[in-house]
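Welcome, and thank you for taking a look at this one. Here are a few notes to read alongside the structure.

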Amino acid sequence: QKIFSAQGLTKVYTAGEVQVHALRGLDLDVYAGEVVVLLGPSGSGKSTLLNIMGGLDHASGGRLFFKDLELTALDDRALTAYRRQHVGFVFQFYNLVPSLTAYENVALVTEIAERPMRPDEALALVGLEARMDHFPAQLSGGEQQRVAIARAIAKRPEVLLCDEPTGALDSRTGVRVIEALTGINTQLGTTTLIITHNATIRDVADRVLYFADGRISRIQKNETRRAAA
Ligand code: ADP
Ligand code: ADP
């Protein structure tokens with residue numbers, strides 16, 4: 001089952017008189033339950049695509065569907081509603097509230113979601129049940145990122161979009177974060193797109209998309225992963 005379908009998707013940023021073509025007619029289908037990794041040089045359009053898929057930004061041309069919903073036809077308000085209902089985000093920086101515990105940081109979003117998990121359930125999914133009452137400053141960088149992941153999944157989004165979630169972590173700690181993400185995919189079936197340079201991801205992803213200059217230049221499939229699941 002297709003969860004995203006992009007046809008000829010373009011994005012042009014205009015800064016004064018300069019135009020930057022961030023996406024140059026991108027075609028892509030993403031299937032429900034996949035783990036997809038986006039690789040490629042800085043500036044090749046990876047974040048731009050995630051932002052458009054997540055409803056944080058509008059495309060300039062082409063079409064993008066989330067199931068039957070055409071995201072490229074939505075206004076800001078409808079796009080925000082889509083994002084709040086269906087999408088969880090994880091970024092390089094965790095954006096936790098320093099004065100709240102891990103539990104309370106997750107509870108902030110479960111209070112406004114329709115059918116949320118309990119905060120302790122979400123924290124258990126990332127292996128942090130023993131750290132619920134810690135404040136961000138008492139947690140390591142990797143643990144803080146796992147709290148941010150718990151916060152992102154607590155509303156049970158169908159899609160989890162991760163933009164350099166390991167970017168601020170050393171590679172070993174980054175592996176733990178990748179494991180948390182793939183563990184969630186296995187347990188909840190959340191469709192997961194990840195921009196990361198952490199090399200371990202290539203073994204655990206269903207597909208790796210290589211970006212070059214606003215397009216996907218190559219797709220690498222990992223046949224072993226689904227077979228093993
Ligand atoms: P990647 O995630 O692969 O590093 P991005 O999607 O962030 O690439 O950026 C693609 C191109 O779009 C780059 O040339 C970048 O400088 C440009 N760009 C991204 N965001 C903006 C913006 N808000 N305004 C102007 N240019 C932007
Ligand atoms: P909201 O309900 O506040 O509109 P969502 O919870 O649906 O937002 O998810 C979008 C979130 O992503 C927003 O809180 C926004 O502040 C955050 N966000 C957007 N871009 C970035 C970024 N580059 N780094 C960190 N957070 C970001």
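1. Among contacts in the protein chain between residues at least 6 apart in sequence, what percentage join residues at least 24 apart? In this predicted model, the figure is 68%.

2. Now for the overall picture. The protein chain holds eight helices and 10 strands. Its radius of gyration is 17 Å, close to the 17 Å that the globule rule gives for 229 residues, so the chain is as compact as a globular protein of that length. The C-alpha trace spans about 50 × 40 × 35 Å along its principal axes.

3. Of the 229 residues, 47% count as buried. The accessible surface comes to about 11100 Å², and carbon and sulfur atoms account for 48% of that. There are 25 positive and 26 negative side chains, with the centres of the two sets 3 Å apart.

4. Next, please look inside. The largest nonpolar core has 35 residues, and those touching the most other members are Val-106, Leu-123, Val-126, Val-147, Ile-149, Leu-160 and Leu-181. Two or more residues of this core come from each of strands E3 (35–39), E7 (159–163) and E9 (207–212), and from each of helices H3 (102–110), H4 (119–125), H5 (141–153) and H6 (171–188). Helix H5 gives the most, with six residues.

5. Neighbours within four places in sequence aside, Leu-123 is in contact with Ala-102, Tyr-103, Val-106, Leu-128, Glu-129, Met-132, Val-147 and Ala-150. Please also find the second, separate core: this one has 28 residues, including Leu-49, Leu-64, Leu-74 and Val-87.

6. Is Thr-101 buried or exposed? Thr-101 sits in the loop between strand E6 (87–90) and helix H3. Its relative accessible area is 9%, under the 20% cut-off, so Thr-101 counts as buried. Beyond its neighbours within four places in sequence, Thr-101 is in contact with Met-132, Asp-133, His-134 and Phe-135.

7. Finally, turn to Ser-47, which belongs to helix H1 (residues 46–53). With 30% relative accessibility, between the 20% and 50% cut-offs, Ser-47 counts as partly exposed. Not counting residues up to four places away in sequence, Ser-47 touches Asp-163 and Ile-195. How many Å separate the C-alpha atoms of Ser-47 and Phe-211? The separation is 11 Å, although the two residues are 164 residues apart along the chain.

Technical notes: Residues are numbered from 1 along each chain as its sequence is written. Chains are lettered from A and ligands numbered from 1 in the order in which they are written. This is a predicted model: local features need pLDDT of at least 70, side-chain atom pairs count only at pLDDT 80 or more; totals for chains, interfaces and linings use all residues. Side-chain values use heavy atoms; hydrogens and water are left out. A nonpolar core is a set of buried Ala, Val, Leu, Ile, Met, Phe, Trp, Tyr and Cys residues joined through side-chain atoms within 4.5 Å. Buried means under 20% relative accessible area, exposed over 50%, partly exposed in between (1.4 Å probe, protein chains only). Helices (H or I, at least four residues) and strands (E, at least two) are DSSP runs, numbered from the N terminus. Contact means heavy atoms within 4.5 Å. The radius of gyration is taken over C-alpha atoms; the globule rule is 2.2 Å times the number of residues to the power 0.38. Accessible areas come from the Shrake-Rupley method with a 1.4 Å probe; for residues, only the protein chains shown count as cover. Lys and Arg count as positive and Asp and Glu as negative; His and the chain ends are not counted. The place of a charge is taken as NZ of Lys, CZ of Arg, CG of Asp or CD of Glu.
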